[in-house]
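Good morning. Please have the sequence and the model open.

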Amino acid sequence: MARTKVFGIDLGTTYSCIAQVDEYGRPDVIRNIESQPTTPSVVLFDESGDDTSFVVGAQAKRQARIRPDDVASLVKRHMGESDWRFVGHGEEYSAPSVSSLVLKALAGDAERATGGPVTDVVITVPAYFGDEERKATKLAGELAGLNVVDIINEPTAAAFSYGFAQEGPTGSTVLVYDLGGGTFDTTVITLSEGAITVVATDGDHELGGADWDSELVRYLAQRFTEAQPDAGDPLDDVYDEQELLTSAEDAKLALSGRESVDVLVVHGGRRTSVTVTRASFEEITTPLLQRTVDLTGKVLAQARARGVDKVDICLLVGGMSKMPAVSRRLSDQFGLLTRLADPDLAVAKGAAVYGQKKELERFVIDDLVAQGKLAAGQSLDGVAPADLVKAVSEAASGYGLSTGAAVDLVKTKVTNVTSRGFGIFAEDGGRAVAAFLAHQNDALPIEVTRTFYTVSANQTEVDIRVFEQGTATESGQPGDNKVIVAGELTGIPAGHPRGTEVDVTFEMRRDQTITVTARHPGATDPLVLAITAGVGSTAMRDEEKAKVVLLKQRA
Ligand code: AMP
């Protein structure tokens with residue numbers, strides 16, 4: 001049976017990384033052409049004749065200083081924003097299309113390094129990514145010509161990497177604190193034999209290393225203008241600002257290992273050396289770190305509310321967690337035992353391990369179908385345990401795994417929570433409200449049914465607008481939330497009184513696809529709204545926000 005390898009990709013805001021599991025069963029990061037394990041998620045749009053060509057990675061990042069208008073960076077922050085475009089040489093590129101260039105470059109590097117094709121991948125996303133961002137990520141993979149086998153959450157990938165490095169998940173609870181270049185995720189996960197379960201998750205996709213860099217840029221510019229009052233502000237010059245940004249990031253990296261660093265600031269023909277101490281850097285960035293601490297406190301409280309009150313270890317993931325202040329604050333505030341293990345690579349490695357799980361499952365399914373022990377199209381859930389263990393053991397050595405490790409891998413179930421709340425718009429006390437049916441951190445799969453009521457007699461249609469939570473905490477204001485799909489329940493005959501019951505069922509499966517069903521006693525067919533990958537969801541326009549909803553929350 002032919003094996004198609006599944007690679008793991010960490011598509012990061014600032015850096016990306018591709019990994020595979022080697023023939024000895026070990027996750028291994030594939031270095032790029034510059035021999036680096038990670039590649040800047042930066043694309044330079046270059047003109048060559050009439051065409052535009054693309055340069056991805058360190059080269060592009062270096063050019064950002066000289067040609068800022070031709071360089072797209074921090075694009076992950078725009079995933080799922082249907083209106084966002086980067087304009088490169090007069091052409092418009094959506095966030096998925098820019099990201100597809102990064103993915104193509106990573107796949108190309110892996111093909112060069114392994115000598116084989118790269119077609120199947122697992123791509124990671126922050127746990128709090130909603131439906132649109134996940135779809136945009138999948139689309140980026142497809143635009144790169146890749147078969148996206150699955151999208152998994154970055155903290156889950158980190159937990160995979162940690163769990164399987166210990167010979168399979170053991171009974172422990174981990175907090176994954178992931179502070180990357182542009183995003184922050186904090187997640188409580190339990191690892192037990194056969195299960196990796198996300199208990200609670202939160203995060204902020206507007207918070208990451210780039211913010212620490214900007215803070216330091218401001219500080220350096222201020223020190224420069226104090227020392228050179230006649231030279232003007234380096235931030236008024238786009239090239240000097242870019243230069244300063246690079247120096248600031250270098251200084252930040254150095255301050256993780258040293259107490260102080262000197263930075264040369266040049267502007268308007270003047271130069272000043274600014275000394276930055278770790279203490280002053282930590283002081284100017286305290287509010288940023290505090291935001292991560294607050295979110296971590298919130299997620300620990302949510303885990304406690306779900307009966308998980310002891311965290312055994314805090315895994316520090318993401319380049320920024322190398323800052324000494326991170327582990328110090330986490331242990332001071334929460335008494336956490338922290339572990340800095342592979343912070344730049346753990347997510348890609350975990351994605352590769354998960355990719356291998358998918359690959360192994362596919363192999364075993366094909367094998368069992370060929371033997372007539374499983375009907376085509378069925379999952380492994382229904383296979384007799386003895387048949388499963390036998391098929392997995394036969395496949396194990398081909399994957400460089402011991403039988404035990406392969407069986408663990410296949411048997412391990414990943415249970416997730418939803419990172420956002422969902423609901424429909426309804427009327428309450430004469431005004432439109434966002435009525436939540438599912439809440440952040442509800443365990444998947446979710447199935448909730450709630451009764452709403454028609455707003456008038458003889459109502460022949462019902463308007464259903466499904467929204468996704470748009471703010472950090474639930475807001476009942478429709479305008480604060482994002483409509484992801486809408487439809488009308490029609491064909492209701494006249495004659496039903498005002499206040500007729502309409503049952504609305506919200507379902508979210510393990511793969512986070514959503515179905516909403518509305519049933520009215522007079523309608524022959526229920527309204528079924530399904531949101532699957534590839535269906536564009538609508539951002540809410542102003543006139544829609546004002547639209548009268550045709551369902552009441554209370555009778
Ligand atoms: P990631 O998105 O996980 O690749 O994280 C990249 C971010 O981590 C960037 O903002 C880097 O500047 C930052 N970073 C990498 N190494 C260090 C370090 N040693 N100290 C502080 N920040 C770092």
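**The sheet and its neighbours**

This model has an open sheet of six strands with mixed pairing, in the order β18-β17-β12-β13-β14-β19. Two strands count as paired if DSSP finds at least two bridges between them. Helices (H or I, at least four residues) and strands (E, at least two) are DSSP runs, numbered from the N terminus. At the edges are β18 (338-340) and β19 (413-415), each of which pairs on one side only. From one strand to the next, the twist averages 25 degrees.

Before I go on, the model is predicted: local features need pLDDT of at least 70 and side-chain atom pairs count only at pLDDT 80 or more, while totals for chains, interfaces and linings use all residues. Residues are numbered from 1 along each chain as its sequence is written, and side-chain values use heavy atoms, with hydrogens and water left out.

As a reminder, strands of a sheet pair through backbone hydrogen bonds, either parallel or antiparallel. Here β12 (residues 172-179) and β17 (residues 313-317) run parallel, joined by five bridges. In that pair, Tyr 177 stands opposite Leu 316 in β17.

What packs on the sheet? Helix α4 (residues 154-165) does, touching β12, β13 (184-192), β14 (195-204), β17, β18 and β19. Contact means heavy atoms within 4.5 Å. The direction of α4 makes about 40 degrees with that of β13. Axes are lines fitted to C-alpha atoms, for helices over the stretch in contact, and angles run from 0 to 180 degrees between N-to-C directions.

Leaving out residues up to four places away in sequence, Thr 190 touches Ser 172, Thr 173, Ala 195, Ile 196, Thr 197, Val 199 and Val 308. Thr 190 and Ala 159 are 31 residues apart along the chain, and their C-alpha atoms are separated by 8.8 Å.

Next, a helix pair. Helix α11 (residues 385-396) packs against helix α12 (residues 403-411) at an angle of about 120 degrees, with the axes 9 Å apart. That makes α11 oblique to α12; angles under 35 degrees count as roughly parallel, over 145 as roughly antiparallel, 65 to 115 as roughly perpendicular and the rest as oblique. From α11, Leu 388, Val 389, Val 392, Ser 393 and Ala 396 meet Thr 403, Ala 406, Val 407 and Val 410 of α12.

Last, the domains. The chain is divided into domain 1 (209-284) and domain 2 (422-524), with bounds from an automatic or database domain assignment. Their centres, taken over C-alpha atoms, are 51 Å apart.
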